[in-house]
Amino acid sequence: MKVNGRHYRTVWLAGSTVYLIEQNLLPFEFKIHEAKTYQETCRAIRTMLVRGAGAIGAAAGFAMAQAFLAKADTAKAKKEIAATRPTAQNLFYAVERVYNSRAPAAEALRIADEDAESCRKIGELGNSLIKSGMNIETHCNAGWLAFVDHGTALSPIYAANNGGKKVFVYVDETRPRGQGARLTAWELKNENVPHAIIADNAGAFLMSRGKVDLMIVGADRIARNGDVANKIGTLEKALAAKEYGIPFYVAAPSSTFDKNCQSGKDIPIEKRSQDEVLYQTGPTKHGKMEEILVCSPGSKAFNPAFDVTPAKYITGIITEKGIVKS
Ligand code: MRU
C-alpha cells in the first residue's frame, strides 16, 4: 500500500534487521521501527507494534531467521518467538518453516512474499462477491497492516473500489484496542474508500435496518471443521448476520488453517492486559501520546482478545485458492 506516495510493506527484512511499521502509533504518526535482534522482533510482536495474523507470521519468520543469522541458540529462540502471541496460526506456521529450512533468511523472505501474493489473490477472488452499490461491514483490521501487503477482508474491497464499483464500508471500532477505528479507517481513507466508523454495538441494528449487504472479516486461526477464531466481537456479528440473512464471509490465506485443531474449542484464546479495556491511548491537543482512564476507577476488567465463530454461521471462506463454502 502507498503512504505519502511511497509503497510500503507492513514488515520487511534487510540484512539482519527487521523493519516494521509502528502500528501502535497509527493513525497519528507514521514511523518505521528497526528491530536488530530476534529478541527485539519478539518484543515488537508481544507489544503489538506489529499485529495482525499475516504480519506477525512474517515478523516471526524474520525473527527466526535473525536468530540463525546471529548464530544464537535457535531452539531457545524458537520457543521464545512461539511464546509471543498464542492465537494466530500464521506465527507458528512461519516459525516452523524457517526453523526447518536450510536457508532460513531466504525461507522467511519467501513466506512474506507468499503472504502478500495470497492476499492479492484473495482480493481478486473476493471481488466477485461484491456488487456495485453494496454496503459492507468489517470487524477489526484485516487489511494491509494485518498482513505483509493487501490484507484479507479489505483486499476484495480495494479490488472492487479500484475496479470502479461503488462500495461503502461500515468499520466496527473494535474495542478495546480500536483496530477498526484507528487502522482500518486510516487504510480506507488512504485508498479513498467511502466509509464510516460505527460503535461495536451498532452492527446488529444496522443489519436489522437493511443497511448491510455483506460482512467480510479476517481470521487468526481456522480449525479443521471450519470454526474460525478472529478478533473479539466477530461472533456477535456472525449471529446477527445469520438472523438477518446477510452473507458472512471470512477471508484468510491457507497459512491460517490449522490441521491440528479439530474444532474451535482447540484454539488457544489470548487473554490480554485489563489495562487495554480500562485505558485508552491517543494524542493530546499538543500531540503527545497519553493514556487516559475511561472506566470506573478501581474496577477490574477482563480482556479476551479473540472469539470463535462456529462454521455454521459462516457463508464461505475466501482463500487464495478459491472460495470454500462452509
Ligand atoms: O490482536 P490483533 O490486532 O493482532 O488481531 C488479529 C487481527 O488482526 C484480527 O483478528 C483480524 O481480524 C484477523 S486478520 C489478521
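A polar contact here is a pair of N or O atoms within 3.5 Å; within protein, one must be able to donate a hydrogen and the other to accept it, and residues adjacent in sequence count only if both atoms are side-chain atoms. The model is predicted, with local features needing pLDDT of at least 70 and side-chain atom pairs pLDDT 80 or more, while totals for chains, interfaces and linings use all residues. Numbering runs from 1 along each chain as its sequence is written, and side-chain values use heavy atoms, leaving out hydrogens and water.

One lies 2.6 Å from a polar side-chain atom of R51. Taken alone, the ligand exposes 390 Å², and the protein buries 99% of that (accessible area by the Shrake-Rupley method with a 1.4 Å probe).

Now for the wider surroundings. Around the ligand are 17 residues (each with a heavy atom within 4 Å of it), and R51, R85, D220, N230 and K231 come nearest. Domain 1 (2–120) and domain 2 (123–266 + 305–325) both give residues to this shell, so the ligand lies between them; the bounds come from an automatic or database domain assignment.
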